[in-house]
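Hi,

Here is the structure I promised to pass on. Have a look at it first, and then read my notes below.

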Amino acid sequence: MIKLIALDLDDTLLMPDCTIPDEVVDALKQAADRGVRVVIATGRIFPSARQYARRLETDCPIICYNGAMIRSPDGAVLAASQHEPEDIRAVAAFCRDHGGLYLQAYAQDDIVVERTVEQTLIDPDSRATAIREMGDLTCAELLPSPKMMILDTPERLAEIRPLLEEAFPDRFYLATSKEYLLEIMPKGVSKRNTLEAYATSCGIHQEEVMACGDNTNDREMIEWAGLGVCVANGVDSLKAVANYVATAERSYGVREAVVKYVLN
């Protein structure tokens, strides 16, 4: 019996216009009425994720920043892992030395950048929080950050990722939520680890967890869950490890799995 449903947001629960259809919300509310915990597990910042938790009317904690934080609906930090300022400065120097790559960090749920550019506004989180322009990040006065993010073409990120891993061996956890994003979390951070810790705290066993996702940053979570679900638009590498691949895309794929494995 499924007792906990963990949901990625972008390209999983959310449609291309970043909405959740009413019938999908209704299915998840029916699951919650049966005692199932509905948890958002996303790379997004807390304020951005919270608006969707409110749409689902779930009072469960929110896993955000790709697992670097878990927050109660009122914003209280239940657990967190963060980059220290010297880590951010070091990665900023790496980005400067490799062609001036765009780097974004966070502080107290605000976006932190050298200056606002087109890449900053591509991020849907930019519509949910403030943007702090700090100037040269290699020497700026910074606060700890749960996540850093490089935005570039998929081809460029494919070149940069191994170089970043070589420059910072065994120091960060790297993940991709969209093909043009390379997300950088503290070592040991993942949606899977935070989800497992939360499930354990609730007395919920691995086999009682359904996790839904679409991209490689969901892989560990999908592999760990008793029922790992990949929506139809998910990447092939995630489909290969999922227990169930939905026939429908995005939000409707989530509803398909909830109806099949929870409501029925």
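**Two helices side by side**

Helices α2 and α10 are roughly parallel to each other, because their angle falls under 35 degrees. Before you go on: this is a predicted model, where local features need pLDDT of at least 70, side-chain atom pairs count only at pLDDT 80 or more, and totals for chains, interfaces and linings use all residues. Residues are numbered from 1 along each chain as its sequence is written, and side-chain values use heavy atoms, with hydrogens and water left out.

Now the pair itself. The axes (lines fitted to C-alpha atoms over the stretch in contact) of α2, residues 22–33, and α10, residues 250–263, come within 9 Å and cross at roughly 30°. Helices here are DSSP runs of H or I with at least four residues, numbered from the N terminus.

Which residues of α2 meet α10? They are E23, V24, A27, L28, Q30 and A31, and on the α10 side you'll find S251, Y252, R255, V258, V262 and L263 (contact means heavy atoms within 4.5 Å).

Next, look at M15, in the loop between α1 (9–13) and α2. Skipping neighbours within four places in sequence, M15 is in contact with P21, R250, S251 and Y252. M15 and Y252 sit 237 residues apart in sequence, yet 8.7 Å apart in space, C-alpha to C-alpha.

R250, in α10, is buried at 19%, since buried means under 20% relative accessible area. Among the residues that R250 touches are D11, T12 and V231.

Cheers

Methods:
Axes fitted to C-alpha atoms, helices over the stretch in contact; angles between N-to-C directions. Parallel < 35°, antiparallel > 145°, perpendicular 65-115°, else oblique. Buried < 20%, exposed > 50% of the residue type's maximum accessible area, 1.4 Å probe, protein only.
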